[in-house]
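This report describes one protein chain for a reader who is new to structural analysis. Please look at the sequence and the structure together before reading on.

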Amino acid sequence: MTTHHPAPHHPAAHHAAAHHPRAHHPAVVDAEACSAALDRGETLPWTWYADPAITALEQERIFRRSWSYVGRTDQVAQPGQFFTCEVGGVPIVVTRDRSGGLNALVNVCRHRGAQVVREDCGTRKSLQCFYHAWTYGLDGSLRGVPRGDREADFDTSQLGLRRASVDTWGPFVFVHLDPEPAPLTEMLGELPELLAAGGIDLERMRFHHRVYYTIEANWKIAVENYLECYHCPVAHPGLADVLDVSPDAYELEVRPTFATHHGVVRDIPREAGYPVQGPVVEGQYHLVWPSLKVNVNPGQPNLSFGPVHPAGPERTTGYLDYFFGDDVDEAWIKAMLAFDDQVGAEDTDLVESVQRGASSGGVERGRLLLGSEHTISAFQRFVLGRLRED
Ligand code: FES
Ligand SMILES: [Fe+2]
């Protein structure tokens with residue numbers, strides 16, 4: 001783990017988080033009543049799954065106050081390399097500067113607010129805004145302003161791109177809008193140890209490809225579906241052929257910052273969609289609050305890793321970066337991905353159906369089975385806890 005602190009030439013008062021306008025939200029959170037409902041095994045109100053005011057509050061209080069997975073170190077391995085991303089709706093550019101430093105900069109021009117970098121990724125010597133050609137260094141400092149010398153008292157030293165915090169874990173790059181966030185290690189908790197114990201050596205994993213997706217549902221419904229396997233015997237016959245999804249064999253665990261599933265391969269696998277035997281004997285599936293998915297299927301070393309973003313009250317976008325052990329062959333990868341895609345397609349169908357039902361207004365809230373869905377309850381407590389924070 002390496003921590004990259006904001007460079008000293010950007011005073012704290014000029015950091016991104018300090019400048020977010022305080023949105024005025026209606027009294028959307030009746031926290032006491034919601035908490036009591038969760039105690040009874042009920043869900044958060046379903047109005048929260050279609051309400052733009054709730055989505056705005058979630059962006060502000062959850063996503064802008066958490067570490068977000070944004071991409072990989074191989075995308076910014078060389079000086080000059082950059083990629084763009086968003087954190088809580090704020091455009092960010094991650095750069096590798098000349099001196100090897102990793103920077104996360106708010107990709108909003110300090111002149112009139114254009115997005116300085118418009119490409120997804122690439123290599124540049126500097127960050128020149130396409131609107132009036134203000135030019136920033138790869139570390140965000142303002143280097144050149146055409147006609148700036150014709151202005152009296154024009155001080156460029158305070159007009160660098162705002163900085164966010166950036167940190168890495170293995171090949172993964174994370175960004176937090178706060179200049180002094182709680183350490184990334186705190187959010188990851190025992191996740192690195194769990195992956196290592198499950199046969200995943202990050203040093204030996206190679207990036208294979210990224211898959212983007214869009215789901216027509218609120219982001220919480222997508223997360224909640226991910227958090228339980230009560231639906232597996234019913235909705236995922238292929239998965240249930242591989243893993244023992246019975247309640248006594250399939251483990252669901254709530255940790256301080258994430259929830260975990262462990263699924264053991266059946267003693268006598270039914271006809272499996274891909275060769276499940278190998279050094280990775282268990283499936284492990286983690287959801288780090290608020291929305292980072294970490295998946296390992298049994299078999300050869302494999303890992304998929306990616307965030308879920310609210311793209312509106314009733315739309316979710318996300319992606320998964322797939323990694324495989326450096327000696328895993330393409331035929332195995334292809335077979336495993338076909339299996340994985342099938343499970344993913346089944347989940348999308350479930351989630352979009354839940355959105356149509358839950359958002360219809362026909363029923364106020366759901367009733368959980370706390371023996372099989374306590375992970376959902378824990379997630380909803382996390383959401384409620386953040387929304388009630390001022
Ligand atoms: S908005 Fe970027 S230079 Fe004018
Ligand atoms: Fe599922």
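How many positive and negative side chains does the chain have, and how far apart do the centres of the two sets lie? The chain has 34 positive and 52 negative side chains, with 9 Å between the centres of the two sets. Here Lys and Arg count as positive and Asp and Glu as negative, while His and the chain ends are not counted. The place of a charge is NZ of Lys, CZ of Arg, CG of Asp or CD of Glu.

This is a predicted model, in which local features need pLDDT of at least 70 and side-chain atom pairs count only at pLDDT 80 or more, whereas totals for chains, interfaces and linings use all residues. Residues are numbered from 1 along each chain as its sequence is written, chains are lettered from A and ligands numbered from 1 in the order in which they are written, and side-chain values use heavy atoms, with hydrogens and water left out.

**Overall form**

The chain contains 9 helices and 18 strands; these are DSSP runs numbered from the N terminus, with at least four residues (H or I) for a helix and at least two (E) for a strand. Its radius of gyration is 22 Å, close to the 21 Å given by the globule rule for 390 residues, so the chain is as compact as a globular protein of that length. The radius is taken over C-alpha atoms, and the rule is 2.2 Å times the number of residues to the power 0.38. Of the 390 residues, 53% are buried, meaning under 20% relative accessible area with a 1.4 Å probe, protein chains only.

Strands of a sheet pair through backbone hydrogen bonds, either parallel or antiparallel. Two strands are said to pair if DSSP finds at least two bridges between them.

| Strand | Residues | Sense | Bridges to β11 |
|---|---|---|---|
| β2 | 68-72 | antiparallel | 4 bridges |
| β10 | 163-169 | antiparallel | 5 bridges |

Tyr-69 stands opposite Phe-174 in β11, and Ser-165 has His-176 of β11 as its bridge partner. In the hairpin of β10 and β11, 2 residues lie between the strands, and Gly-170 takes a positive phi near 55 degrees.

**An open sheet**

Another 3 strands form an open, antiparallel sheet in the order β7-β8-β9. Its edge strands, β7 (127-128) and β9 (142-144), each pair on one side only. Strand β8 (residues 135-136) is joined to β9 by 2 bridges, and Thr-135 has Gly-144 as its bridge partner in β9.

Conventions
Buried < 20%, exposed > 50% of the residue type's maximum accessible area, 1.4 Å probe, protein only.
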